[in-house]
Amino acid sequence: MEWLGVLLLAGIAALLLVQLIRLLLADGDLTLMWAERRGPDPALKLRGHVVWVTGASSGIGEALARELARCGCQLVLSARREAELQRVRKNCLEDSSLKESDILVLPMDVLDLSTHEACTKAVLDRFGRVDVLVNNAGRSQRSLFMDTDLCVYRTLFELNVLAPVSLARCVLPGMMAPGSHGGILLAVSSIAGLAGVPLSAGYCASKHAVQGAFNALRSELDEYPQITISTVCPGPVQSHIISNAFSGKGDEAVGEQKDQTYKMSAERCARLIAVSLAARLPEAWIAQQPYLSAAYLWQYAPTLAWRLTAKIGRRRIYNFRNGLDADVSYFGSKAMKKDKVS
């Protein structure tokens, strides 16, 4: 019977090896990768849904709007820049079979919480319901803790936490109403919402906060199984998030855009968000290596993660002080050379 024990151990070892290889090749957590391969097709599951996307004028928000348009969703596009929203709307119509009446451009500044109820009413007047709210509007930070004005921390929390909480409070009553089919409230968080990242103390704090708020809300709504509370946590994505990030002084932005070719494309990120929506996942990690492994490390081996983060943090700060994109710390000399050339 000893050979049965050897075979069993060999089978377990082989299974663990396969899972490790899958993780190393993945650009999302294993549940999300399973949903992409075996879960419902977003084009079938989301067709006809009314989806409200904030921060839809560029980056992940724009890419997600175009992805959802191809899935046949009716869209509400919100951001501050109306001209950019009209451009996104035009692209969505060209990418899909949607009619012009299927897309509502709704300019808004999510920081102005007093407008949220009126904006929600405008959406309900147009479509009668909100099936999915994607809280994507947000802003990052690139500055050291002690070099960051207190007003920057305040604005990060108002934009990244209070705004999605406020919009969720406006949309939820319709999803909770008797006879409602429910819906999905999704917050675009970040891998920085799972771990502490040097040069982004305020941003990390705000993303941790929105994770906590939506996790608590998920528990409170357990008696409403038709409502899904979801958070997605992207790693670095090709967008304007760094050039728009707070520099630490008032409303001043970093401005300069570094090379981003080594980051995940916004289109791939948007596709995986659509997969998570179709599968109604409560949380999804969307990141290339080494960020994905770092997320698992923070989840299952936090003491080791703290030590590695401290070591990498010194490199990030060195890069930051020398005019490089801090993220090249994770990608070695090839990425650093690209950054210097750009």
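**Reading features in a predicted model**

Biologist: How many aromatic pairs does a search of the whole structure find?

Modeller: Four aromatic pairs turn up in the whole structure. Take Y296 and Y300. Their ring centres are 6.2 Å apart and their planes meet at 15°, so this pair is stacked. Keep in mind that the model is predicted.

Biologist: Where do Y296 and Y300 lie?

Modeller: Start with the general idea. An α-helix has 3.6 residues a turn, so residues three or four places apart point the same way. Now the case here. Both tyrosines sit in helix α10, residues 291-300. Four residues separate Y296 from Y300, about one turn of the helix.

Biologist: Is Y296 buried or exposed? And is Y300 buried or exposed?

Modeller: Compare each value with the cut-offs: under 20% is buried, over 50% is exposed. Y296 has 18% relative accessibility, so Y296 counts as buried. Y300 has a relative accessible area of 63%, so Y300 is exposed.

Biologist: Which residues have the most contacts inside the largest nonpolar core?

Modeller: The general idea comes first. In soluble globular proteins, nonpolar side chains tend to be buried together. In this structure, the largest nonpolar core has 54 residues, and L68, L75 and I273 have the most contacts inside it. Helix α9, residues 266-279, gives the most to this core: nine residues. Look at I273. Leaving out residues up to four places away in sequence, I273 touches I60, L64, L186, V232 and I286. Another core, of 27 residues, lies apart from the largest one; F127, L133, F214 and I229 are among its members.

Biologist: How many bridges join strand β1 to β4?

Modeller: Three bridges join β1, residues 50-54, to β4, and the two strands run parallel. V53 has V134 as its bridge partner in β4. β4 also pairs with β5, residues 183-188, in the parallel sense, over four bridges. There, V134 stands opposite L186. Now follow the chain. From β4 the chain crosses through helix α7, residues 150-176, to β5, and this β-α-β crossover is right-handed.

Biologist: What do the buried residues of α8 pack against?

Modeller: Their partners are β4, α7, β5, β6 (227-234) and β7 (283-286). The buried residues of α8 include G202, Y203, V210, F214 and L217.

Biologist: What is the phi of L199?

Modeller: L199 has phi near 80°, a positive value in a residue other than glycine. L199 lies in the loop between β5 and α8. With 4% relative accessibility, L199 counts as buried. R280 is not a glycine, yet its phi is positive, about 50°. R280 is in the loop between α9 and β7. At 32% relative accessibility, R280 counts as partly exposed.

Biologist: Which residues does a cis peptide bond join?

Modeller: Read omega. The cis bond joins Q289 and P290, with omega about 10°. P290 is placed in the loop between β7 and α10.

Key. Residues are numbered from 1 along each chain as its sequence is written. This is a predicted model: local features need pLDDT of at least 70, side-chain atom pairs count only at pLDDT 80 or more; totals for chains, interfaces and linings use all residues. Side-chain values use heavy atoms; hydrogens and water are left out. Two strands pair if DSSP finds at least two bridges between them. A crossover is right-handed if, with the strands pointing away from the viewer, the path from the first strand over the helix to the second runs clockwise. Buried means under 20% relative accessible area, exposed over 50%, partly exposed in between (1.4 Å probe, protein chains only). Contact means heavy atoms within 4.5 Å. A nonpolar core is a set of buried Ala, Val, Leu, Ile, Met, Phe, Trp, Tyr and Cys residues joined through side-chain atoms within 4.5 Å. Rings of Phe, Tyr and Trp (its six-membered ring) pair if their centres lie within 6.5 Å; planes under 30 degrees apart count as stacked, over 60 as edge-to-face and the rest as tilted.
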